[in-house]
Each structure stands twice: as structure tokens, then as C-alpha cells.
Amino acid sequence: MAQVLVIGDDLTGSNATGALYARLGLRAVTVGDLAQVARYADRVDVLVVNTASRHWTPARAYAAVRAAAETAGEVPLVVKRVDTTLRGNPGSELDAVADVLAAREPAARIRTLAVPAFPDAGRSTVGGLHLVDGVPLTRTAVANDPFDPVRHSRVAAVLGAQSGRTTGELALDVVERGPDAVAAALRESPADIVVCDATENAHLGTVAAAAARLAAEDRIRWIALDSGPFGAALAAELGLRPEGGAPATVLAVVGSVTDRTRTQLARTETALGARWADLDPAAPDPARVLAALGAAAAEGATVLGVRVAPEPTGAASVPDPGTAARILRALAEIARRAVAELCPGGLYASGGDVAAAVTSALGADGFAIETEVLPLAIAGHLVGGPHDGLLFATKGGLIGGPDAARDCLEHLRAACTRRTLGPTSIAT
């Protein structure tokens with residue numbers, strides 16, 4: 001059955017949102033008419049419904065969204081996907097979703113988290129105002145949109161123009177204090193809809209973590225109103241996963257110690273809950289690293305990795321060839337033993353020397369190339385040897401922006417899930 005129902009108002013936005021859930025390993029399908037909604041509701045993990053209602057009247061849009069939500073049936077998480085610039089009928093369409101849930105679950109505490117920020121696309125929310133590349137909506141081209149001009153920059157005002165539900169705002173300084181502060185603020189707010197500030201992906205994860213905690217502790221039934229990434233973050237925090245499939249484990253081996261790499265790995269911690277074990281470059285000890293990886297796996301982590309600890313302040317910035325060789329041998333040995341002991345579904349190696357050493361240590365003949373995740377980041381699988389077919393991704397150590405490692409790991413995790421569950425059935 002579907003774990004997430006996403007209702008969007010145009011096809012391109014609906015498809016782009018579905019792709020965010022697919023990166024989590026969830027099988028997502030976008031459909032249109034109600035017959036397709038009924039047909040696919042029990043066949044996918046994420047059902048994305050495009051009502052094509054952006055340019056309709058509020059009443060007509062409300063009816064279309066309500067029909068879609070009723071037809072899809074019960075799902076753990078309902079997301080009302082809105083345009084990244086809040087065009088269309090976000091208030092009336094949110095009311096349609098909330099009304100369906102209220103009728104279906106009269107005793108439930110139903111609230112909405114409005115988090116329209118999409119940092120990767122230059123959309124942020126600060127002080128309750130929605131910004132495009134730092135500019136308030138009413139000072140951008142969408143204020144003069146010929147079909148759906150946006151009259152307000154304040155998210156609460158956009159929603160309030162169509163919805164009668166009460167709204168509150170969660171300020172950025174609260175979000176930056178972490179999930180505990182956000183959870184406390186959400187508990188204190190009496191509003192039906194809470195508009196949350198966010199300027200980066202980590203903020204989305206913070207709000208999602210707090211919401212998941214309140215869902216468990218306070219039995220709150222959240223609706224997510226967002227432009228794509230927050231709903232996916234909330235699904236991950238709620239522990240929603242493919243029906244019948246265990247979360248895939250991915251192992252990462254990283255030899256680079258540059259600032260760029262450290263930034264990339266930090267993003268994997270906030271976005272994926274990655275757990276990293278540090279290899280001491282002065283005294284590399286594979287056994288100690290393997291013990292740390294095993295402990296993280298036992299605690300439920302599904303993204304596990306080994307990285308080289310930074311040298312102490314004042315140490316040589318470039319290790320001598322002998323030290324570099326010892327580090328490389330240790331990383332290869334860790335990879336060989338970790339693959340045998342932890343049985344990951346996929347393996348990620350950063351740095352050409354590391355990738356070559358790991359491939360050799362695993363006894364593979366080579367690497368079958370399947371796709372380019374991003375420039376100079378390639379995914380495929382090992383060929384030959386005892387681990388023939390193991391999903392494998394490689395990336396240059398100095399390649400990519402802050403989210404490059406996250407993107408590679410998400411690709412591997414999704415590929416693991418697709419391999420386990422097989423393609424979505426479309427048979428009648």
C-alpha cells in the first residue's frame with residue numbers, strides 16, 4: 001500500500017517531487033484521473049496525484065483535491081505539494097486535504113506544517129516571508145504572473161486568502177536551535193497551520209525530526225504542505241519505507257581529508273543519518289573501525305562509512321608516501337571485511353586511488369558502468385570475483401558541491417531498494 005500520498009497541481013512539479021521520494025528508495029508513480037488513483041494506491045510506496053488544478057477557481061480546485069484524497073484511501077502521510085512560488089490554490093487545496101482527514105479520523109489531532117522552502121532551488125522562508133533567491137515573492141516575476149499572480153510574500157497571508165484555518169509562524173532562530181526547540185514551539189502553538197522558516201536543507205530535517213517526535217509522543221497527524229523536499233524529509237523521519245522491504249545498507253569508504261570532503265560528509269550526516277568511523281592516519285587500525293561500523297549497524301544506521309581523521313593541528317598537511325600507502329591498505333582491508341561482515345547492498349568509494357584499492361581488495365575484475373550520478377560520479381556494479389553484482393559508486397575526491405556525497409549515497413540506496421523489490425507492477 002502507499003506510504004505517502006502527494007497531491008500536486010501540475011505535472012512537472014508532481015514528477016519532480018516524486019523523484020525526491022524515489023531517491024529515498026521509495027517506489028513513486030505519478031497519475032492523473034481518479035481511476036488511476038484507485039488502480040495504483042495499493043501498488044506503490046508513494047502515490048503522486050496531479051490534479052492539474054493550478055489555474056482553476058478555488059472551489060473547483062478544492063473539489064478535485066478532495067476527490068483525489070478520498071479515492072486514495074488511508075495512508076500514513078499526506079502531502080499537499082505547492083508551487084515553489086506559491087502560485088495556484090494552496091489554501092483551498094490544503095483545506096480539501098484537511099477536511100478529508102478530519103472526516104475520516106474524527107478523533108485525530110490534525111495539524112499542518114507549511115514548509116515551502118526548497119533551498120536547492122533558491123527558495124527559502126525567513127520571518128514568514130517566502131523568498132526566491134533572497135527576494136520576496138511580491139518583488140519577483142510571479143507578482144505579475146498572467147494566470148496566478150501572487151499578491152503576498154507572507155506564506156500565512158497566501159494561505160489565509162483561501163483557508164479559514166488558523167496560522168502561526170515558527171521563526172528561523174527557533175529552527176536553528178534544533179529539534180528539541182522546534183518540538184517545544186510546535187507544542188505551544190495552538191495554530192492549525194504552522195509556517196516554518198527554513199533556508200537550508202538541514203532546517204528541513206530539523207523540523208521533520210521534531211514533527212516525527214510529536215507524531216509519536218502526542219499522536220499528532222501531520223499534513224505537510226511543501227514544494228517537495230520537506231515532505232520527503234518528513235517521510236524519512238517517520239520511518240516510512242517500501243512495503244515489504246527492509247531499508248538498504250550502504251557502505252562508504254572515503255580517503256580524502258579536504259575541507260570540501262568534510263563538508264560533503266557532514267551533509268550526509270544531517271540528510272541521511274550517516275554514521276562515520278574515523279581511521280587514525282598515524283596508526284590505522286582496521287579492527288577498531290570495523291567494531292565502530294558494526295556498532296552503528298546494530299543501532300539501526302543504514303549509511304555506514306569510514307573516513308580518514310584529520311591530522312592534528314600543526315602536523316604536515318600532506319602525508320609522506322609511506323603513510324599514504326598504509327592508509328590506503330587499511331581502507332581497502334576495512335572495505336573487504338565490512339562487505340563480508342555487514343553485507344551492504346551498495347558500496348561507495350571516494351577518490352580514484354581508494355576506488356581502485358577497494359575494487360582490488362574485493363577481488364573484482366572490474367566495474368560495470370550504468371549511469372552518471374553527477375559529473376565524475378559514476379554508478380554501476382562490480383563484475384567478477386566473489387562480490388560480482390555488488391552495487392558500486394565512485395566519485396573523485398575533489399568533485400561536486402556540498403551535496404555530492406549525499407546524492408551518490410541516495411542513488412545507491414534507491415538502487416538497492418529497486419533491486420530488492422523489483423519494478424512497479426502495471427498489470428491489470
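Me: What makes V4 and G228 count as contacts of Y21?
Reply: Happy to start there, and do keep in mind that this is a predicted model. Contact means heavy atoms within 4.5 Å. Setting aside neighbours within four places in sequence, Y21 meets that with V4, V6, L26, V46, V79, G228, G231, A232 and A235.

Me: Which residues have the most contacts inside the largest nonpolar core?
Reply: They are V4, Y21, L113, L170, W222 and F230, in a core of 42 residues. Helix α8 (residues 201-217) gives the most to this core, with seven residues. Another core, of 39 residues, lies apart from it and includes V82, V97, V142 and A156.

Me: Why is P58 called partly exposed?
Reply: Buried means under 20% relative accessible area and exposed means over 50%. P58 has 38% relative accessibility, so it counts as partly exposed. P58 lies in helix α3 (residues 58-72), and beyond four places in sequence it touches N89, S92 and Q162. P58 and N89 are 31 residues apart in sequence, with their C-alpha atoms 5.8 Å apart in space.

Me: How do you know which helix gives the largest share of the lining of the largest cavity?
Reply: The lining consists of L5, A69, G73, V75, V78, V97, V100, L101 and R104. Four residues of it come from helix α4 (residues 90-104), the largest share.

How values were computed:
Residues are numbered from 1 along each chain as its sequence is written. This is a predicted model: local features need pLDDT of at least 70, side-chain atom pairs count only at pLDDT 80 or more; totals for chains, interfaces and linings use all residues. Side-chain values use heavy atoms; hydrogens and water are left out. On a 1 Å grid over the protein atoms alone, a cavity is a set of points where a 1.4 Å probe fits but cannot get out, and a pocket is an open set with protein on both sides within 12 Å along at least five of seven lines; lining residues have an atom within 4 Å of a point. Helices (H or I, at least four residues) and strands (E, at least two) are DSSP runs, numbered from the N terminus. Buried means under 20% relative accessible area, exposed over 50%, partly exposed in between (1.4 Å probe, protein chains only). A nonpolar core is a set of buried Ala, Val, Leu, Ile, Met, Phe, Trp, Tyr and Cys residues joined through side-chain atoms within 4.5 Å.
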